[in-house]
Amino acid sequence: SIYEMFGNECCLSTGEVIKVIGFKINKLVASICENNEVSRFSAKVELPLSFPGLYKVVADTTPYVSVEEITKKVSIGPTRFGHPCFYSPEDIKLANIIIKHGEQITFNSVEEVNGTMAVNCGVVRNNQSHSFTLPLSQEGKFYECEDDQIYTLKEIAEWKIPKCRNRIVKLSNTLHTWDSSNPLPENFDGCLILTPVYEVQAVMKFRKDIVHILSDLDVEVKDITDCYDISSFLQPLSLEDVFERTTKEFPMVVEIMEGPSGSQKPYNSLHTGKEIIIYKKYQATRVLASEIRSDSPKRHFLIPLSYKGKFKRRPREFPTAYDLEIARSEKEQLHVVATKAFDSPHKELFSVSVGDQFLVQQCQTSEVLYEGRKKVIDVLACEQILSDTYKKVLLPMYMEGGFVEVIHDKKQYQLSKICKEFRLPFNVKVSVRDLSVEEDVLAAVPGLQFEEEITDSYLLISSTNSPVESWEIPVYRLNMSVHLLSKDVRTVVPPATKTTVEEISEEQYYMVRRYENQTLDPPPRPPKKPT
């Protein structure tokens with residue numbers, strides 16, 4: 001049998017031995033959904049996993065009948081997505097805890113406990129987590145909980161479609177303008193029923209790459225697992241698999257079985273068959289930055305603190321007086337110009353005209369007369385800059401106006417110094433490009449907003465044939481498979497690390513912000529107008 005996949009012809013001849021290493025969703029067939037059923041007027045369309053947009057998962061109304069069924073059909077694992085939540089309509093009585101009906105149970109991992117396979121679970125009560133195990137033999141109805149997170153189609157395909165089931169999703173954000181090539185109707189914001197189309201991932205005896213075989217390929221096979229030495233096959237590892245190895249196993253030499261797609265440097269050099277050294281795994285800090293522009297789409301970057309270029313400040317914009325209070329610092333006085341007029345409803349507070357200039361002082365309270373009654377509200381104390389003097393004024397904190405920062409600081413800053421001395425978000429432009437790299441992608445961007453510092457997982461690698469420099473590759477954003485080589489690493493100490501500014505897509509930007517903000521408290525809401 002001869003077939004073609006991804007432009008590569010593969011011959012499966014009679015007697016060929018294939019080791020199946022996994023099943024993967026290759027694409028999704030989507031139908032428009034109405035009342036949890038396929039619409040009568042909906043045509044089926046094929047969506048690639050790279051199809052743009054962010055989606056919310058609709059909870060499956062069909063229950064699972066045992067814990068074992070859940071473990072067989074639902075992805076449970078150590079990554080961010082591998083902790084599905086279920087509830088039981090009946091109380092579950094265990095030796096050390098009673099799980100109440102309707103209580104959200106998080107499934108964390110599957111392992112052997114006292115000789116019995118079980119799932120490590122958890123419930124949260126009064127902001128405290130309680131851990132327990134459920135044996136796979138535990139029967140009863142288990143329903144999927146509502147999920148308020150957003151996902152890309154690729155994430156849904158990898159983690160959120162149970163085996164032998166479809167998945168209903170709701171479009172949350174299209175992230176791109178509609179055009180005639182889009183298979184979905186214009187302005188569509190409803191639900192889709194996704195049906196997965198699978199492929200078999202396999203390795204063959206005399207090939208060093210991963211073979212992808214569509215599940216509907218017409219070929220007869222026989223299971224010979226019990227009578228064949230499968231250790232003679234290569235063992236593919238994803239970057240996540242490599243990252244989960246112990247620190248003692250590094251450095252290691254690997255050969256790339258499947259390289260990442262795309263042309264972004266330096267990842268475009270990671271092609272199939274290339275040998276690389278992986279020196280270590282670690283968590284590293286990046287500054288998430290976005291291009292400053294009024295129209296979309298904006299470009300987004302992850303910048304390492306080792307970036308050697310320099311920046312000059314650019315004016316920040318503030319939509320409310322409350323934003324001025326958040327941005328002010330003890331180190332320097334915030335000087336702003338009003339870009340929008342505001343008429344104060346209270347004679348005790350100041351009315352703003354376009355062009356008024358202020359030095360922001362501090363937040364305080366003030367007593368105002370409102371509908372004949374005295375009321376205490378939060379205000380922002382400022383000094384209005386007049387031609388030859390300063391006038392103390394009070395702005396209501398709820399004021400919706402518009403302000404632009406006046407920059408007096410002409411100094412040039414390294415990225416690390418900005419993160420130490422100033423509060424993010426912070427607006428800049430590159431004044432001196434990073435001369436250590438051939439092409440500094442940030443230098444061509446007219447303005448950048450540093451949004452927040454994030455922490456992510458990286459592997460430090462270099463080429464085996466010319467290890468003159470090393471660079472970092474992101475574990476969760478680079479789709480790559482490798483296999484271990486039994487070669488000694490000549491240089492245990494890695495060469496100098498090359499600065500790599502990573503440009504990320506709109507979807508990846510939202511994913512990065514989502515993960516980072518899961519552990520943060522939401523920002524306080526601005527005060528409302530008194531009522």
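Trainee: Is C164 buried or exposed?

Mentor: C164 counts as exposed, at 74% relative accessibility. Here buried means under 20% relative accessible area, exposed means over 50%, and partly exposed lies in between, with a 1.4 Å probe and protein chains only.

Trainee: What should I know about the model before going on?

Mentor: It is a predicted model, in which local features need pLDDT of at least 70, side-chain atom pairs count only at pLDDT 80 or more, and totals for chains, interfaces and linings use all residues. Residues are numbered from 1 along each chain as its sequence is written, and side-chain values use heavy atoms, with hydrogens and water left out.

Trainee: Back to C164, then. Where is the place of C164?

Mentor: C164 belongs to the loop between helix 2 (153-159) and strand 15 (167-173). Helices (H or I, at least four residues) and strands (E, at least two) are DSSP runs, numbered from the N terminus. The phi of C164 is positive, about 70 degrees, although C164 is not a glycine.

Trainee: What is the phi of N126, and where is N126 placed?

Mentor: N126 is not a glycine, yet its phi is positive at about 55 degrees. N126 sits in the loop between strand 12 (116-125) and strand 13 (128-135). With a relative accessible area of 77%, N126 is exposed.

Trainee: And the peptide bond from F250 to P251: cis or trans?

Mentor: That bond, from F250 to P251, is cis, with omega near -5 degrees. P251 is in the loop between helix 3 (239-243) and strand 19 (252-258). The bond from L424 to P425 is cis, with omega near 5 degrees. P425 lies in the loop between helix 5 (415-421) and strand 29 (426-432).

Trainee: Over how many bridges do strand 26 and strand 27 pair?

Mentor: Strand 26 (residues 373-385) and strand 27 pair over 7 bridges, in the antiparallel sense. Q384 stands opposite K391 in strand 27.

Trainee: What about C363? Which strand holds it, and what does it touch?

Mentor: C363 is in strand 25 (residues 357-370). Not counting residues up to four places away in sequence, C363 touches E325, R328, V379, L380 and M397, where contact means heavy atoms within 4.5 Å. C363 counts as partly exposed, at 34% relative accessibility.

Trainee: How far is C363 from I168?

Mentor: C363 and I168 are 48 Å apart in space, C-alpha to C-alpha, and 195 residues apart in sequence.

Trainee: Now the rings. How many aromatic pairs are there?

Mentor: The count comes to 10 aromatic pairs. Rings of Phe, Tyr and Trp (its six-membered ring) pair if their centres lie within 6.5 Å; planes under 30 degrees apart count as stacked, over 60 as edge-to-face and the rest as tilted. Among them is the edge-to-face pair of F86 and F107, at 5.1 Å centre to centre with 65 degrees between the planes. This pair links distant parts of the chain, with F86 in strand 8 (residues 85-87) and F107 in strand 11, 21 residues apart.

Trainee: Are F86 and F107 buried or exposed?

Mentor: Both F86 and F107 are buried. F86 and F107 also form one aromatic cluster with Y64.

Trainee: What sits over the ring of Y64?

Mentor: The charged end of R165 sits over the ring of Y64, 3.8 Å from its centre. For this, NZ of Lys or CZ of Arg must be within 6 Å of the ring centre and within 35 degrees of the ring normal. K280 lies over the face of Y282, at 5.1 Å from the ring centre.

Trainee: Lastly, what does E103 touch?

Mentor: Not counting residues up to four places away in sequence, E103 touches F86, Y87, I98, V123 and R125. E103 is buried, with a relative accessible area of 12%, and is found in the loop between strand 10 (98-99) and strand 11 (105-113).

Key:
Two strands pair if DSSP finds at least two bridges between them.
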